[in-house]
Amino acid sequence: MSEAVRRYNRGARALHWLIAAMVIANLASGLLNDAFEDVIRVIPTHKAIGMTVLALTMVRIAWRFTWTHPPYPGTVTRAQALCARLVQGLFYGLMLAMPVTGWIMASAGKYPLSWFGLFDLPKLDVARTDLAYLVGREAHEILGWLFVALVILHVAAALRHHFILRDDVLRSMA
Ligand code: HEM
Ligand code: HEM
């Protein structure tokens, strides 16, 4: 490791890994839901995790305006940096859009929107016949696949920096 790795600040790192774990858990539970439906009911936990992602992402974005990210190593080209920032920008959008479309979809259902069984969250005024429900449901699925593809790209890039290029990009978030 080089002498002084310029790292993301402690809060940014904590939020990155906490939200990343929750997003990966939800992508997995959402996509595997059909397969496990008869074995275990994952959707109530999926909903509670997703609503937590929404709250944490709002805090994360507001706070993101108060600091700048650490510089890239000199070997990273302008185009690569732009590409990374584009994917990360899309992540912020998806971290909001996935919970919001899920919330719309769940609001039209008959079950209460419980936060891990501790208390109920408010439901939006949406019915199954509303356009918002149909759009929300479709968007939740399509954006879910986009999210999966971008996470694979993002993780592959992080691992490439660490193990192939052997620079400090992954360490800056570790
Ligand atoms: C980070 C946030 C979230 C992610 C990444 C995520 C991801 C996914 C994915 C990939 C699916 C499978 C899509 C399909 O094949 O139809 C899914 C299904 C589902 N999600 Fe989410 N979700 C999130 C948040 C939420 C929230 C906040 C709610 C509700 C409050 C929710 C409710 C649902 C429901 C009810 C399904 C099942 C749809 C069905 O099979 O009919 N999700 N989610
Ligand atoms: C669903 C999972 C993930 C999401 C949503 C996500 C999201 C993000 C976002 C939004 C940033 C930009 C931070 C900022 O400057 O505002 C970022 C940076 C970063 N992430 Fe992730 N991340 C995820 C998973 C991972 C994983 C699994 C790894 C490692 C294997 C990783 C490694 C990194 C690294 C190294 C950076 C800094 C890159 C840079 O400065 O360009 N991420 N991530």
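Mentor: Start with the chain. Over residues 7-173 it is 68% helix and 4% strand. The end C-alpha atoms of that stretch are 6 Å apart. The model is predicted. UniProt, in an unreviewed entry, places the feature "domain: Cytochrome b561 bacterial/Ni-hydrogenase" at residues 7-173.

Now the iron atom of ligand 2. Its protein donors are His16, through NE2, and His154, also through NE2. They lie 2.0 Å from the iron. The pair links distant parts of the chain: His16 sits in helix H1 and His154 in helix H4, 138 residues apart.

Are the two histidines buried or exposed? His16 has 14% relative accessibility, so it counts as buried, the cut-off being under 20%. His154 has 26%, so it counts as partly exposed.

Next, the shell. Ligand 2 is surrounded by 20 residues. The closest are His16, Arg64, Tyr72, Tyr92 and His154. Four helices each supply at least two shell residues: H1 (10-36), H2 (43-64), H3 (78-107) and H4 (131-164). H1 gives the largest share, five residues. By class, the shell has 14 nonpolar, three polar and three charged residues.

Then the polar contacts. The side chain of Arg64 places an N or O atom 2.5 Å from an oxygen atom of ligand 2. Gln88 has a polar side-chain atom 2.8 Å from an oxygen atom of the ligand. For His16, an N or O atom of the side chain is 2.8 Å from a nitrogen atom of ligand 2.

Ligand 1 has 20 residues around it, and Gly30, His46, Met98, Gly102 and His140 come nearest. The elements giving two or more residues to that shell are H1, H2, H3 and H4. Its shell divides into eleven nonpolar, seven polar and two charged residues. An N or O atom in the His46 side chain is 2.8 Å from a nitrogen atom of ligand 1. A polar side-chain atom of His140 lies 2.8 Å from a nitrogen atom of ligand 1.

Methods:
Residues are numbered from 1 along each chain as its sequence is written. Chains are lettered from A and ligands numbered from 1 in the order in which they are written. This is a predicted model: local features need pLDDT of at least 70, side-chain atom pairs count only at pLDDT 80 or more; totals for chains, interfaces and linings use all residues. Side-chain values use heavy atoms; hydrogens and water are left out. A residue is near a molecule or strand if one of its heavy atoms lies within 4 Å of it. A polar contact is a pair of N or O atoms within 3.5 Å; within protein, one must be able to donate a hydrogen and the other to accept it, and residues adjacent in sequence count only if both atoms are side-chain atoms. Ala, Val, Leu, Ile, Met, Phe, Trp, Tyr, Cys and Pro count as nonpolar, Asp, Glu, Lys and Arg as charged, and the others, Gly among them, as polar. UniProt positions are given in the numbering used here, feature names are shortened, and annotations may be inferred rather than shown by experiment. Donors are N, O and S atoms within 2.8 Å of the metal (3.2 Å for Na, K and Ca); water is not among the atoms, so sites may look incomplete. Buried means under 20% relative accessible area, exposed over 50%, partly exposed in between (1.4 Å probe, protein chains only).
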